[in-house]
Amino acid sequence: MAEYHGEYKVPGGKLVVADIAADDGEITWASINGDFFLEPDEALNDINEALVGLSTEAPNAAIAAAVNEAVGPSTVMFGFDAAAVAVAVRRALGHATTWADHDWEVIPPTALPITEQVALDEVLTREVGEGMRKPSLRFWDWDEPSVVIGTFQSYRNEVDPEGVARHGITVVRRVSGGGAMFMEAGNCITYSLYLPTSLVDGLSFADSYPFLDAWVMEALGSVGVKAFYKPLNDIATEEGKIGGAAQKRFGNGAMLHHVTMSYDIDAAKMTEVLRIGREKISDKGIASARKRVDPLKRQTGLDRGALLDAMMGTFERRYGARRAELSSASREAARELASSKFGTHSWLHRVP
């Protein structure tokens with residue numbers, strides 16, 4: 001018989017600990033414990049008994065369903081729920097991982113064409129899934145004014161061709177969903193996380209966003225910005241929106257999570273380039289885009305480099321990450337993919 005231990009801190013909630021014993025692929029004993037609240041007391045025994053007899057390969061949904069059935073609708077689980085129990089159990093059994101289970105790298109920004117930036121997201125995520133790269137945090141840098149649209153967005157509905165031509169904008173399509181990003185050089189902070197999906201095992205899509213960006217909330221707090229997630233994928237403060245996140249899960253066990261935050265912004269130019277910007281502003285009854293997006297430069301008074309240093313430093317301290325450089329093989333793979341896919345008319349206009 002083997003014994004296992006797993007822990008899960010619910011975002012905004014309590015710690016759930018799972019101590020498990022298993023034999024021949026079946027859970028034979030379970031103790032769920034932590035600093036949560038549970039009424040009535042006897043429900044804890046019900047939870048533990050519900051886990052006994054489950055397969056050690058049981059998916060999150062099956063574990064959560066067993067717990068919910070055992071406790072019934074009258075039980076109050078405060079600071080955790082059946083899904084959180086499932087995550088702790090899956091972590092104990094080695095199916096779900098924690099940040100500390102991985103050896104993280106931080107890749108500082110390197111100025112590259114925007115087509116290569118979006119290509120790198122696919123290249124590096126695939127490398128993580130294939131075991132060729134450690135899980136990584138990479139910051140972007142670029143020189144040309146750009147718009148990056150979501151993989152499911154209509155080109156003609158999002159982008160104004162006259163504004164694009166007038167301002168010399170390079171438009172590219174990324175692999176993830178979400179909305180368009182207006183990205184002038186030096187006016188945004190963009191980063192990408194490449195990670196095993198085991199890190200978000202059992203988390204809903206909605207919960208995975210703040211979970212993966214907890215470190216950046218800490219970094220922003222260190223420079224005086226009290227940021228929070230506005231579901232599903234907006235990062236905001238009381239003063240306005242800072243930026244947004246997007247994700248793409250690959251079939252090889254790895255996923256991409258990336259964020260663009262506004263450092264500075266030319267709101268007038270943005271609304272000349274993006275059609276959707278006008279619609280969002282009109283729909284919300286906002287007279288100016290500056291009232292919708294509140295850049296970090298104004299909120300902090302810091303230059304962009306200082307903010308990047310704060311973010312990289314926070315991630316390194318929090319997760320024991322080390323600095324790394326892009327390999328020549330990854331750079332070459334990104335150049336080739338930019339040429340064959342991301343820089344092509346067919347990809348950019350895959351949704352006309």
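The model is predicted: local features need pLDDT of at least 70, side-chain atom pairs count only at pLDDT 80 or more, and totals for chains, interfaces and linings use all residues. Residues are numbered from 1 along each chain as its sequence is written, and side-chain values use heavy atoms, with hydrogens and water left out.

**The sheet**

- Eight strands make up an open sheet with mixed pairing, in the order β12-β13-β14-β15-β11-β7-β6-β16. Strands here are DSSP runs of E with at least two residues, helices are runs of H or I with at least four, and both are numbered from the N terminus.
- The edges are β12 (228-230) and β16 (322-323); each has a single partner strand, so one side of each lacks a neighbour in the sheet.
- β16 pairs with β6 (residues 105-111) in the parallel sense, over two bridges; two strands count as paired if DSSP finds at least two bridges between them.
- R323 in β16 is the bridge partner of V106.

**Salt bridges**

- The count comes to 16 salt bridges, with the rule being a side-chain nitrogen of Lys or Arg within 4 Å of a carboxyl oxygen of Asp or Glu.
- D121 and R138 form one of them, with the closest N and O atoms 3.3 Å apart.
- Buried means under 20% relative accessible area, exposed over 50%, and partly exposed in between (1.4 Å probe, protein chains only).
- E184 bridges to K269 with the closest N and O atoms 2.7 Å apart. E184 lies in the loop between β10 (181-183) and β11 (188-196) and K269 in helix α9 (residues 267-273), so the pair ties together parts 85 residues apart in sequence. Both E184 and K269 are buried.
- R318 and E218 also form a salt bridge, at 2.7 Å between the closest N and O atoms. R318 is partly exposed at 38% relative accessible area, and E218 is partly exposed at 40%.
- D103, K134 and R322 are joined in a salt-bridge network.

**A negative patch**

- E39, D41, E42, D46 and E49 gather in a patch of negative charge on the surface. Patch residues have over 30% relative accessible area and no salt bridge, with like charges joined within 9 Å.
- E39 sits in strand β4 (residues 37-39) and counts as exposed, at 52% relative accessibility.

Definitions and conventions: Patch = residues over 30% accessible without salt bridge, like charges linked within 9 Å, V, L, I, M, F, W, Y side chains within 5 Å. Areas by Shrake-Rupley, 256 points an atom, 1.4 Å probe, with all protein chains shown as cover. Lys, Arg positive; Asp, Glu negative; His and termini not counted. Charge placed at Lys NZ, Arg CZ, Asp CG, Glu CD.
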